[in-house]
Structures are given as structure tokens and as C-alpha cells.
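Dear colleague,

I am passing on the structure we talked about, and I would be glad if you could look through it alongside the notes below.

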Amino acid sequence: MAKPKKKLTSISVPSQIITSLSSSSLQSLLVSPKKSSSKPFFTFPSPPSYRSPRLWFLALFLVGLLGMLKVGFDLDPLTPFSPYPCPTSDGFSRSQLAIATAVHDPNARTNQILRSIEEQQPSVSRNASEESEFWKQPDGLGYRPCLVFSPEYRKASQGIVKNRRKYLVVVVSGGMNQQRNQIVDAVVIARVLGASLVVPILQVNVIWGDESEFSDIFDLDHFKRVLADDVHIVSSLPSTHIMTRPVEEKRTPLHVSPGWIRSRYLKRLNREGVLLLRGLDSRLSKDLPSDLQRLRCKVAFHALKFASPILELGSKIAERMSSKGPYLALHLRMEKDVWVRTGCLPGLSHEYDEIVSNERKRRPELLTARSNMSYHDRKLAGLCPLNALEVTRLLKALEAPKSSRIYWAGGHPLGGKEALRSLIEEFPHLYNKEDLALPGELEPFSNRASFMAAIDYIVSERSDVFMPSHGGNMGHAIQGHRAYLGHKKYITPNKRQMLPFFMNSSIPEEDFNRIIKALHRDSLGQPELRTSKSGRDVTKYPVPECMCNSSNKTSSSM
């Protein structure tokens, strides 16, 4: 019977195992399992031993070992072996994996990888935010500031600025932005009358008790210097007029023209030398000759510069907001007095609605909206401020990124944090000046509502996108200022048209968002002609009197 042929078997041994074996265990692998050899491992074989399987196995092992050593020498000596056998799908960089292998503690290694990723994350988020359509600015159509006064205006200025016989004294009231509007009108009225303007007196605010003076909020020297060629401005009445009994007008009618002002006051002013005006809010007509419209822009956008302490702090807070990319500024009108004055309800709960209703009954004089309209009618007419939920839905429909950094301006809302919950849940990066100020920075301005409003104005004006939840003096001022600076994006909530869709819960979210976005296609701060609608304020719509483009080229005098 023939003997069966011997089968040669080969063993595949991983290199990690080979390098970890001792010499004795290696020798045991190379010896036949059926026969034990008493000869030393490295005894030179006899000539016919080249057929021995053991020799071939040893040769293969030595060739493999030499190959591994060569590969090892060809590797980058600064790059350790990756602990991951396969490429990662997370896109870890070589440096991140190097950090991981350099640390033997698994927890420490994980923490270092996370820290390394987090260091890169803000820049990734920022790039994504900057590329978002939400941050895209409207087409300004080439409009730029353009304040060139007519030869007749400049000629008349020579006599007006030299006047020392007639003086206009004005007392302005309301909040800071309302006072700004009245100061603008005061300068124009002084120009119309050819009178010197005494620095406006800021009436103590009955709601906030703010006793700030003009120079506390605005840069007085800058104000005088910018308007030196238009109106003579003095800090106080001269001694020659201090004992004069002024002509006082407490109730100037609404929207009066320059002709009405001259016919009403000029003769008495020439006789008495001093005219005292109070309550100028919306008293001067919005439809003025072009030179006076340009003067309004000059006062609003150039002369009324905030005092240095306010400007410095406002600039710091704006820089903190912009340091990590574009930001949105919201002017939220959700304070208790706003709900009372507008005749609207916050919609937080029955308890808060009762608080507002009871206050309105107790002080009916505060209600500024139409008293014959119900809350529901006011809401549908667009007369109510948007609450936090409505602001959130509007921003989502306009495709604001969830990672958006948002600065909210305004007083503390009725209901506190609860009133802002829906907004915070959707946009967690929500801040106000108290959040961004360092300890002690706001302390000098405590109990000064005008100071706080000025800081909000600065941060809002410098934002990439601005949106008010309700109309008002600040919203109008910011709208005009942003237009004058090149039509920076300004979202005007189209409340009257969009609220019926807000109240219809049967509309799918995708359809709702498409509808809301379409309604706001032309409400993003694009240039609008003031002259396209009567009664528009040039400080809100500075085109065409205060801005020009290639179609009406004129060089700016500012």
C-alpha cells in the first residue's frame, strides 16, 4: 500500500504577534509538530536541506521582516501610527489623530479631540452663517449720502448765523428717540425763523424719571460745529435776553408748514427776542422744501452724535456681538407700558392679560391706539407689537439660521424670561446689553433710560440685519440711519398681511414659510422714494433729497 504524500501546511501569522513572541516560542512554531528536533535552530543545513520546509519558512519570515522594517523607515517620523484601522468619516485631521495617540489615557484623549474640534467649530459656523441668504444685503441701487444745499440757502446762511437778536428755546419730551426727532425739528424751525437756537432742554421723563441733559447724551461741541453754517447755537441765553419774557407756545398744531411758522411767530419774536416752544413732537410738516429736508438729514445723521462715554460702551458691545460673525438686532416692544398704550395683550397667560387690562382701566389716558377697536381688530390691523412666538415664526420663515447671534434691544418684557421662551428655544444665542457688558460697565448709566436707549441704538444701527417687533421712534430712526449708510438690511414685518396666516393653524409649515417669505420680498430695506407717498419723514426715507446715485449725480458736501 503506497504511503500518502505529506501535505505542506503554511501558517499566516500577523506581524503584531510575531514581534511579541519570544525566541523560544518562535522556535516552537518552526519545528514540526509531529517530531521534536534536538538540533540547535541555527545549525547550517547539509547540502540537500534546501528542500526542508523549515528553511523555506525561515526565509519567508526574514523577507517579511525586512519589508516591514523598510516600510517603517519610509514613514514620516513626525506622524505616529494611527490608532484607527480605517479612515474616519468625520474628517479628523492628521494633527487631531496625532494628539489622540500621544495621550495614553482614553478619557484625556477624547477630551483633547473634542477641544480640537470645538476650536475649529466657530469658524465653520461663521462661514456657514455668512453664506446664508438671510445675511444677504439688499440692492442699494448705488445710492449714497448727498447733501448739497442750493446757492440761495448758502447765501441766506451768512445772515442767519450772524444773528444775535432772536433766540429760540425748545423743551423736548419723551424717550431718547422721541427727543431726537424734536431736536431735528427745533433746528429746522430756528432756521426758518432766522433765530439762534439755545441748546434744547430735555424734559424730565415722567415714566422713567430720567434727568439727563443734552450734553449727557449727545456731543454738544460736535453738534455746534457741524451746524455752524446753518444755525447759530448757544448753550444758554445771553445776559441781554435772560430777563426777557418769552413768547410761549404750548400747543403747536400738527404738521405745520414753514409759512405757518413765520406768520405765527416771526413778528412777535422780532419784538420780544425770545420764543419758547414745547411739545414739538410731529408738529413740523414732513413735506418741506428740499434744502430744509437736507438740513433734517444733516442734523439726524451727522450732528446728533452720542457723547463719548455712551459711544465707547456702545461700540464695545457692538464689537462683542460682531466678533464671531454677522448678527441680527431685534427691537422688542414687550414692556408693560407698551401693551397698555397700544390696547393690546401679551398673550402669555390670563394672569398677564388681566394685569394689562386692569392698568388700562386705571389709567385710560395711556391708551394711544383707537379706543373704539377691540384687541382682535387691533391685532389684525397690524397695530399690536409682535410677541416672541410671532417673532420666532417670522424669523424661521425668513430662513434665519438657528445659530444666528441675536441682540435684542428694548426694556424688560412683561413676564421676564417666560415672555422670551419661544425665541430662546429656537435661537439660543440671544443677548442684550446686560448679557454682554462686563461687571460694572453699565453701572454709570443705571437709572438713565436715555443712556440705555442710546446703547441699544448704537448696537442696532451697526448690526448686519435689524428688525423691530413694532413701529415706533427708534425703529423709524434706525430705518432711516441704515438707509443713509447704504441701505443695510432692515426687515419691516408686514403685520397686516401676515397675521391672518399666523392665526390659521391648518397651513402646513412649508407652505406657511413660503407665503411669509413672499410677503416680505420687498420689505428688506430696499431704497424707497420718500416722494412716492405724502407725509413720509425724510429721516426715515432719505431718498431722493439726501441721497443720490448715478441717475442724479451730485457730490456730497459732508
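Predicted model: local features only at pLDDT ≥ 70, side-chain atom pairs only at ≥ 80, totals over all residues.

Residues are numbered from 1 along each chain as its sequence is written, and side-chain values use heavy atoms, with hydrogens and water left out.

The chain has 22 helices and 13 strands, which are DSSP runs numbered from the N terminus (helices H or I, at least four residues; strands E, at least two). Of its 558 residues, 44% count as buried, meaning under 20% relative accessible area with a 1.4 Å probe, protein chains only.

Val 274 lies in strand β7 (residues 274-278) and is buried, with a relative accessible area of 2%. Leaving aside neighbours within four places in sequence, Val 274 is in contact with several residues, among them Tyr 167, Leu 237, His 241 and Leu 269, where contact means heavy atoms within 4.5 Å.

Helix α16 (residues 388-397) packs against helix α21 (residues 495-502) at an angle of about 100°, with the axes 12 Å apart. That makes α16 roughly perpendicular to α21, a label covering angles of 65 to 115 degrees, with axes fitted to C-alpha atoms over the stretch in contact and angles running from 0 to 180 degrees between N-to-C directions. Glu 390, Arg 393 and Leu 394 in α16 meet Met 498, Leu 499 and Phe 502 in α21.

Note on methods
Parallel < 35°, antiparallel > 145°, perpendicular 65-115°, else oblique. Buried < 20%, exposed > 50% of the residue type's maximum accessible area, 1.4 Å probe, protein only.
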